Amino acid sequence: MKLSLAALAVSALIVAAPSAHAQIASKNPATVKAGTYRIDPYHTQVVFTLSHFGFTEFTGMFGNASGSLILNPAKPASDKLSVTIPVSSVLTTVPALTTELTNAQWFDAGKYPDATFTSTRVIRTGKTTATIDGSFTLHGVTRPIVLKARFIGAGINPIDKSYTVGFSATGVIKRSEFGVKAYVPMVGDDVTLTLAGAFERQK
């Protein structure tokens, strides 16, 4: 009886999981569909990297992002991207540091709960690359930023059947220009931001 129940459980897992031949994202940018997309918060991350006393490039991340993407492959100049990042979602490998980063000395999440990016111009630089000019707001300060974006893939998500497009975008800010000055320059002023974004097409 126990063996039969175990066999049934394994069978259920096999049926629920995507097969090795399930559709995966296409790397061909010509397959991308125009439309309005919404950020998939479960598979979108914003990673930050900065120097830690010159010894390491220390990395942390934010989650639970929200926002939208208006995408028209035929007219990339009309594309628009907006992203909102809850600062309280910050995560590092050091629990005490994670808590500290939400305090007034750093991000001051209680007073400035969100960081945002809003695009102002999109310029295609290659078949799978583009630059995205925009405004980045952090710690109550808004400054321009340029993101270098790269198409990752597009297609039907085999789990939830949503048509999904994925991009990576990277830019650099000086945190002191946003009023986040703790330990500069011992802890790096230049911060690299990388968006790993998954966007679901809205019907």
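**Buried threonine, strands and a cavity**

Biologist: T98: buried or exposed?

Modeller: Buried: T98 has a relative accessibility of 14%. Buried means under 20% relative accessible area, exposed means over 50%, and partly exposed is in between, using a 1.4 Å probe and protein chains only.

Biologist: What kind of model is this?

Modeller: A predicted one, where local features need pLDDT of at least 70, side-chain atom pairs count only at pLDDT 80 or more, and totals for chains, interfaces and linings use all residues. Residues are numbered from 1 along each chain as its sequence is written, and side-chain values use heavy atoms, with hydrogens and water left out.

Biologist: Back to T98. Where does T98 lie?

Modeller: In helix α2. Helices (H or I, at least four residues) and strands (E, at least two) are DSSP runs, numbered from the N terminus.

Biologist: And what is T98 in contact with, beyond its neighbours within four places in sequence?

Modeller: V90, L91 and T92. Contact means heavy atoms within 4.5 Å.

Biologist: Where is S89 placed?

Modeller: S89 sits in the loop between β5 and α2 (95-101). S89 is buried, because its relative accessible area is 16%.

Biologist: Which backbone oxygens does the S89 side chain reach?

Modeller: Two can be named. The backbone oxygen of G63 is at 3.0 Å from the side chain of S89. The backbone oxygen of P86 lies 2.6 Å from a polar atom of that side chain.

Biologist: Which residues does S89 touch, not counting those up to four places away in sequence?

Modeller: M61, F62, G63 and N64.

Biologist: Zooming out. How many helices and strands are in the chain?

Modeller: Two helices and ten strands. From the N terminus on, the order is α-β-β-β-β-β-α-β-β-β-β-β.

Biologist: How much of the chain counts as buried?

Modeller: Of its 203 residues, 35%. As for contacts between residues at least 6 apart in sequence, 56% join residues at least 24 apart.

Biologist: What does β5 pair with?

Modeller: Strand β4 (residues 66-71) runs antiparallel to β5, with five bridges. Strand β6 (residues 114-124) also pairs with β5 in the antiparallel sense, over five bridges. Two strands pair if DSSP finds at least two bridges between them.

Biologist: Which residue is the bridge partner of I70 in β5?

Modeller: K80. V83, in turn, has F117 as its bridge partner in β6.

Biologist: How many bridges join β7 to β8?

Modeller: Ten, and these strands are antiparallel; β7 covers residues 129-138. One of the bridges has I132 paired with L147 in β8.

Biologist: Which residue has a positive phi in the hairpin of β7 and β8?

Modeller: H139, near 60°. That hairpin has two residues between its strands.

Biologist: What about β8 and β9: how many bridges?

Modeller: Eight, antiparallel again, with β9 at residues 163-174. G153 has G166 as its bridge partner in β9. The hairpin of β8 and β9 has six residues between the strands, and K161 takes a positive phi near 65° there.

Biologist: Where does T137 lie?

Modeller: In strand β7. T137 and F117 are 20 residues apart in sequence, and their C-alpha atoms are 6.5 Å apart in space.

Biologist: Which side chain does the T137 side chain make a polar contact with?

Modeller: The side chain of T142, at 2.6 Å. A polar contact is a pair of N or O atoms within 3.5 Å; within protein, one must be able to donate a hydrogen and the other to accept it, and residues adjacent in sequence count only if both atoms are side-chain atoms.

Biologist: New topic. How many cavities of 30 Å³ or more are there?

Modeller: One. A cavity is a set of points, on a 1 Å grid over the protein atoms alone, where a 1.4 Å probe fits but cannot get out; lining residues have an atom within 4 Å of a point.

Biologist: How much space lies in the largest cavity?

Modeller: About 140 Å³. Volume here is the space filled by probe spheres set on the grid points, which are joined across faces, edges and corners.

Biologist: Which residues line the largest cavity?

Modeller: V46, V83, I85, F117, F136, I145, L147, A169, L193, T194 and L195. The elements giving two or more residues to that lining are β5 (80-86), β8 (141-156) and β10 (190-201). β10 gives the largest share, three residues.

Biologist: How do the lining residues of the largest cavity divide into nonpolar, polar and charged?

Modeller: Ten nonpolar, one polar and no charged. Ala, Val, Leu, Ile, Met, Phe, Trp, Tyr, Cys and Pro count as nonpolar, Asp, Glu, Lys and Arg as charged, and the others, Gly among them, as polar.

How values were computed: 1 Å grid on protein atoms, 1.4 Å probe; cavity = no way out; pocket = protein on both sides within 12 Å on 5 of 7 lines; lining within 4 Å.
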